[in-house]
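Colleague: I would like to learn how to read pockets from coordinates. Please take me through one case.

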Amino acid sequence: MLTSDRHLNMHLFLMGLFALLLLSIQPARAVETGAVRSDDSTEITYRRHPGDKDAPLFIWLPSEDGLQAAERETARTLAGAGYEQWLVDLFESRFLPTTASSLDRIAAQDITALIDRANPQKRSVFLLSSGRGALPVLRGLHAWQLQNPDNDHTPGVILISPQFYHQTPDPGEPARLRPIVEQTNAPIFILQPAKSPWRWKLEQTLPALQTSGSEVFFRLLPDVRDRFYYRPDATPSEQQLETRLPQLIRQAALARHRWPDRPRSVSPLEQQLDPLPASKPARALKPYAGDPRPPPLQLPGLNGEDDDLAKYRGEVVLVNFWASWCPPCVHEMPSMERLQNRLQDRPFTILAVNMAEDKATIRDFLKNKVNVTFPILLDRDGKALKQWDVFAFPTSNLIDKQGQIRYALFGSVDWERPDILDKIEKLLKE
């Protein structure tokens, strides 16, 4: 079952708001330290904010960025409303650096031990994480279900902007979901920022989560980016929503009662993907790995006229997918403008495809932040992004005079780097 926020009824909202209003009359409770032992005798410690005896228990687990101050503050707020909170730094317990690759080294048994201690037979239990932290959460819950096949009381999972893919693929390469995604069977609640590349992958990830029987609720959070509640460059909209994070989590927990406890079967994981590399490779304009024939690109321009990639046959074209809220996009655009000026007398064009922003926002961005003269195309509904299978912002494709994609990369670069200029020059001379 797939449910969106538009199906949330008003009484859930009011109940969540009422619970938070009770904070003004709830006395503070002392924070405690707890510990459980994993199967290999590793001691997993957590900070416990006590709550009411029969209220839900929330277990916070880290993303690739570690536990954040905003998450700790949200936990304190929820504890003040009577919900017990455990904050678990698995990196610290395992003496691991706080990186995405370390998440692959977190043992599923660490989480099963925490769930056993939480005792979901006695109370509602929720596992919370964000980003790539979703993957060890799902692996740990899956392992616990294998160990407890007759237990009908499966913990709920609350994920903020989860990333379910093995890693961001190079343009043209197939994306790989982690196998655990399709083998999960649990109530799952996703809070998804709208200004995120992962928003455009929900059509793939939500059905994948449902494959083995998961009920999936998602709520799209307008006008905010990934990590909105702990970004150093947070916008006023993001700062405002950060203050509402306890309420959003409370509403997700209340929605859990829509799906009664029931038996859930899971199968052992038969496939594991290779762990993530410890370090990221340097950004490079690589030969395109997929079908070199580009998808259609017919979009209205910011100037009001329609544009079409096909009309640039005989020119080298840089197709760049970007958004004004994406810092790496903003960082690279001045070098793109300089590249355009450098090659203004050559058969070279840049087409910058904007991701679903309105004209007023784009014009304000171009006026006050980065002034560029190359064409801006408007992908209002994300159709082009999906057709071009864009996974990250920015993503760039370099197309030769015959209309074939020759090179591509995701992420920002300096477009005047000698190695990049050399590749473009060779295409211009073909």
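**The second largest pocket**

Modeller: The second largest pocket holds about 310 Å³ of space. Its lining has 16 residues, and Thr235, Ser324, Trp325, Phe365 and Lys369 are the closest to its centre. This is a predicted model: local features need pLDDT of at least 70, side-chain atom pairs count only at pLDDT 80 or more, and totals for chains, interfaces and linings use all residues. Residues are numbered from 1 along each chain as its sequence is written, and side-chain values use heavy atoms, with hydrogens and water left out.

Colleague: How is a pocket defined?

Modeller: Rolling a probe the size of a water molecule over the atoms shows where empty space is left. On a 1 Å grid over the protein atoms alone, a pocket is an open set of points where a 1.4 Å probe fits, with protein on both sides within 12 Å along at least five of seven lines; lining residues have an atom within 4 Å of a point. Grid points are joined across faces, edges and corners, and the volume is the space filled by probe spheres set on the points.

Colleague: Which element gives the most to the lining of the second largest pocket?

Modeller: Helices are DSSP runs of H or I with at least four residues, strands are runs of E with at least two, and both are numbered from the N terminus. Here α12 gives the most, with 4 residues.

Colleague: And what of the largest pocket?

Modeller: About 1400 Å³ of space lies there. Among its 47 lining residues, Gln163, Thr168, Lys280, Arg283 and Phe410 are the closest to the centre. β17 gives the most to this lining, with 3 residues.
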